Amino acid sequence: MPIAKLSGAARDDFLGDHPDWTHEPARDAIVRSFAFADFSEAFAFMTRVALIVERMDHHPDWSNVYNRVDIALTTHDAGGLSARDIAMAQAIETL
Ligand code: H2B
């Protein structure tokens with residue numbers, strides 16, 4: 001089922017409140033890089049995020065190199081950002 005794209009104003013509201021996240025126009029995603037003490041901490045974080053995304057049925061584009069986790073949120077079903085990405089970023093921020 002198609003999902004509505006987020007308005008630029010709603011996106012900028014979120015980015016204004018969350019300066020660690022930035023907009024990547026090429027794939028209309030919001031992105032953030034997380035750094036941890038080591039791989040174990042990074043993977044523990046990914047495990048916690050994985051439980052959230054399964055519950056929300058919304059999945060990040062992400063990568064991990066040692067202590068770093070890069071997360072990009074966009075909604076393929078919407079062809080860009082949707083409210084689901086904002087909800088997911090907010091859920092990740094509570095960790
Ligand atoms: N995750 C993301 N990031 N974008 C989507 O469009 C998406 C998803 N679609 N997770 C979901 C799953 C969809 O394929 C299922 C059927 O709900």
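Me: What should I know about the model before reading its values?
Reply: This is a predicted model, in which local features need pLDDT of at least 70 and side-chain atom pairs count only at pLDDT 80 or more, while totals for chains, interfaces and linings use all residues. Residues are numbered from 1 along each chain as its sequence is written, and side-chain values use heavy atoms, with hydrogens and water left out.

Me: Why is R32 called buried?
Reply: A residue is buried when its relative accessible area is under 20%, exposed when that area is over 50%, and partly exposed in between, with a 1.4 Å probe and protein chains only. R32 has a relative accessible area of 18%, so R32 is buried. R32 lies in strand β2; helices (H or I, at least four residues) and strands (E, at least two) are DSSP runs, numbered from the N terminus.

Me: Why is D57 called exposed?
Reply: The relative accessible area of D57 is 52%, and because exposed means over 50%, D57 is exposed. D57 is found in the loop between α2 and β3 (61–65), and D57 has a positive phi of about 50° although it is not a glycine.

Me: How do you know that D57 is one of the residues around the ligand?
Reply: A residue is near a molecule or strand if one of its heavy atoms lies within 4 Å of it. The ligand is surrounded by D57, H58, H59, T74, T75, H76 and D77. For D57, an N or O atom in the side chain is 2.7 Å from an oxygen atom of the ligand. Backbone atoms take part as well: a nitrogen atom of the ligand is 2.7 Å from a polar backbone atom of H59, and a nitrogen atom of the ligand is 2.9 Å from a polar backbone atom of T74. Taken alone the ligand exposes 390 Å², of which the protein buries 68% (areas from the Shrake-Rupley method with a 1.4 Å probe; for residues, only the protein chains shown count as cover).

Me: Why is L95 called partly exposed?
Reply: L95 has 35% relative accessibility, and because this value falls between the 20% and 50% cut-offs, L95 counts as partly exposed. L95 is placed in the segment after α3. Not counting residues up to four places away in sequence, L95 touches F45, R48, V49 and I52, where contact means heavy atoms within 4.5 Å. The C-alpha atoms of L95 and V49 are separated by 8.2 Å, although these residues are 46 residues apart along the chain.

Me: Which residues touch the most other members of the largest nonpolar core?
Reply: A nonpolar core is a set of buried Ala, Val, Leu, Ile, Met, Phe, Trp, Tyr and Cys residues joined through side-chain atoms within 4.5 Å. The largest such core has 18 residues, of which W21, I30 and I71 touch the most other members. At least two residues of this core are supplied by each of α1, β2, α2, β4 and α3, and the largest share, five residues, comes from α2. Leaving aside its neighbours within four places in sequence, I71 is in contact with residues including W21, I30, F45 and I92.

Note on methods
A polar contact is a pair of N or O atoms within 3.5 Å; within protein, one must be able to donate a hydrogen and the other to accept it, and residues adjacent in sequence count only if both atoms are side-chain atoms.
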